[in-house]
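Morning, everyone. I have one structure to walk through today. Please bring it up on your screens.

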Amino acid sequence: MRSDKLGDTLLPKRLALPIFASDALSSVAYAPDEIMLMLGLAGGAFVTTHSWQVAIGVILVMVVVVASYRQNVRAYPSGGGDYEVATVNLGPRAGLTVASALLVDYVLTVAVSISSGVLNAATAIPSLRGHEVQAAVGLVAILTAMNLRGVRESGKAFAVPVYAFIVGIIGMGLFGAFQFVTGNLGQAETAKYDLVPEEGQGLVGIAAAFLLLRAFSSGCAALTGVEAISNGVPAFQKPKSRNAATTLLMMGTLSITMLGAIVWLGRETGIKVTDDPATQLTLNGQPVGPSVVPDTVLGQLAKAIFGGFTPGVVFVSIVTGLILILAANTAFNGFPVLGSILAKDGYLPRQLHTRGDRLAFSNGILILAAAAALLIVAYQAKVTSLIQLYIVGVFVSFTLSQSGMIRHWNRHLKTETDPKERARMRRSRVINAVGALMSATVLLVVLVTKFQAGAKYAIAAMAVLFLLMLGIRRHYSRVNDELKLADDETPLLPSRVHSIVLISKLHKPAMRAVAYARATRPTVLEAVTVDVDPDETAALQAEWSRREIPVPLKVLSSPYREITRPVIDYVRSIRSGSPRDVVVVYIPEYVLGRWYEQILHNQSALRLKARLLFTPGVMVASVPWQLRSSEGRADDSVFDGPVGGSVRRGPR
């Protein structure tokens, strides 16, 4: 797609919701599982008593965070999101901390969402059990390919499953509520079992409080993805800020409704989930053993509500699996955009700022996919293990972003004189202050409850990224300072130009290089060959003389059959004798059209060229000769100039 078509990729709200909110919406599919898993360590009664309380706590945090981010997208519509807010208001180090946290969180979003999607899909497709890792990695590859096609195209492809999930979950909740009111609500398949406390888990005092905090911190996984919309404001159609704020409100309303419905109906249907069903689930006082493997909360809930209506169960299972897989799409949109902003600011390689053929940030998409696939393989697609690394990053960004917004409003209140506008700013400041306080509280809870369980690895990854980006920024700054022209600086002309044409044997590429070198009219021009084989060197000298080529041929001795060192030593000797001279080395090249032809050509000249680039005062000129196999490749739509391995050098 042409660059001037970028405006055609902007998103209306109906497409922005499935693209940017799929992560937050899908979180309601596994957040109830994590709440009940944690509470279940203290037994089934603890789940029944406290699951709704934990859910209300999570919902309260979500209301505050969504309200806070609606202020963010209005104040900072450029797409920098939390990174921009923290950088502008708290300083570059705070912004870099947020960026490190978000990059790690995006990778975890892909790994957790897809692994959870495969686990939920196994409810409807039992054959997936035992092949979760392969299925998850394959789905990462599919999502990568779809996102490389561009944001708008991926949004159209993902809209139907996301809306199907919303309809399925809300429809199931309404039907379940109707059954509850009429007294026809069924019981879950695990309701007949007793969930006994895990050994060592107490029900009172500090142990109970700590377990509640662990359940709360796990349930806060439902908030992941809220920040994605603030990072994607530039992708919205105009008016961008208002459309982004509306999408945030829609996302928050849907997430709260679905999460509340699932936890409430799960409690009423007697759902029990555990990582150790063989010992924690009992029937008539006896452990059920390894034969019983409970489905996920949504899987059990669908069976309890729809009863014998199999299509309803299958529909909910499939759309849940799909949205969990597609939730990774939020990260596929957020990670590349954030990477592009960081690259523009000099904190990441500049290649991440470049858009691909379909106007997507292709390099960022590929890096995200590789990192997520590595995590999936390392953790064997186990959601419970991956979730322990999760959430830390997103609440680091929440806390710093909302703190930055408080300073933002303080700064603007100093200059604003309109009473109505000042009142609006004060309201926004209060909202952001509450958001900062609540986010900091949740972050503290997450660190205390999840540090040993896996959060320490996420924190370590953030620290490594932080230091890496600082190092990249220092490198770019050092290079810019080194290359910057002074105000009164003018380039000095070389006193002489000494041109060298590298020759291995006399053929068309060599003659073209000689002709081109002569056309530049250097002060000194000579051809150089390295004496590796005396017979071949003698034959070359004889042919050179016979053709009466008007350029002297110099032979460099190489008793150890090296090619690179004699040439480098000779070039350096010219430079040392005349430091103000410029040496130009002409290297004939073969341009090949087929990838497999590269194995048939020697790479000594490629290594020589690389060494010459590190020699001050030396210019390297490539003189290409297109072989027949390369004909027409320049017009090939998939061929955009020489790529790695497509150009091979003529000289030995």
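**A walk through the model**

Start at Leu342. Leaving out residues up to four places away in sequence, Leu342 touches Tyr83, Leu96, Ala99, Leu103, Tyr347, Leu348 and Met469. Keep in mind that this is a predicted model.

Now zoom out from Leu342. The largest nonpolar core has 147 residues. Leu342 is one of the members that touch the most other members. Leu25, Val110, Ile114, Met172, Met251 and Phe395 are in that group too. Which helix gives the largest share of this core? Helix α5, residues 92–124, gives 16 residues. As background, nonpolar side chains in soluble globular proteins tend to be buried together.

Next, two helices. Find α17, residues 392–413, and α18, residues 419–483. Their axes are 5 Å apart. They pack at an angle of about 155 degrees. Why do we call them roughly antiparallel? Because angles over 145 degrees count as roughly antiparallel, and this pair packs at about 155 degrees. So α17 and α18 are roughly antiparallel to each other. And the crossing? α17 passes α18 in a left-handed one.

On to the strands. There is an open sheet of three, in the order β1-β2-β3. The pairing is antiparallel. Which strands are at the edges? They are β1, at 194–195, and β3, at 286–287. Each of these pairs on one side only. Look at β1 and β2 in detail. Strand β2 covers residues 281–283, and two bridges join β1 to β2. Leu195 stands opposite Leu281 in β2.

Last stop: two single residues. First, Ser27. Ser27 is in helix α2, residues 22–39. Is Ser27 buried or exposed? Its relative accessibility is 0%, so Ser27 counts as buried. The cut-off for buried is under 20%. What does Ser27 touch, neighbours within four places aside? The contacts are Pro32, Ala221, Ala222 and Thr224.

Second, Thr564. Thr564 lies in helix α21, residues 564–577. The relative accessible area of Thr564 is 15%, so Thr564 is buried. Again setting aside residues up to four places away in sequence, Thr564 touches Ser604, Leu608 and Arg611.

To recap. Helices α17 and α18 are roughly antiparallel. The three-strand sheet is open. Ser27 is buried, and Thr564 is buried. Thanks, everyone.

Conventions
Residues numbered from 1 in each chain as written. Predicted model: local features only at pLDDT ≥ 70, side-chain atom pairs only at ≥ 80, totals over all residues. Heavy atoms only, no water. Core = buried A, V, L, I, M, F, W, Y, C linked by side-chain atoms within 4.5 Å. Buried < 20%, exposed > 50% of the residue type's maximum accessible area, 1.4 Å probe, protein only. Helix = DSSP H or I, 4+ residues; strand = E, 2+ residues; numbered from the N terminus. Contact = heavy atoms within 4.5 Å. Pairing = 2+ DSSP bridges. Axes fitted to C-alpha atoms, helices over the stretch in contact; angles between N-to-C directions. Parallel < 35°, antiparallel > 145°, perpendicular 65-115°, else oblique. Left-handed = near helix turned anticlockwise from the far one by under 90°.
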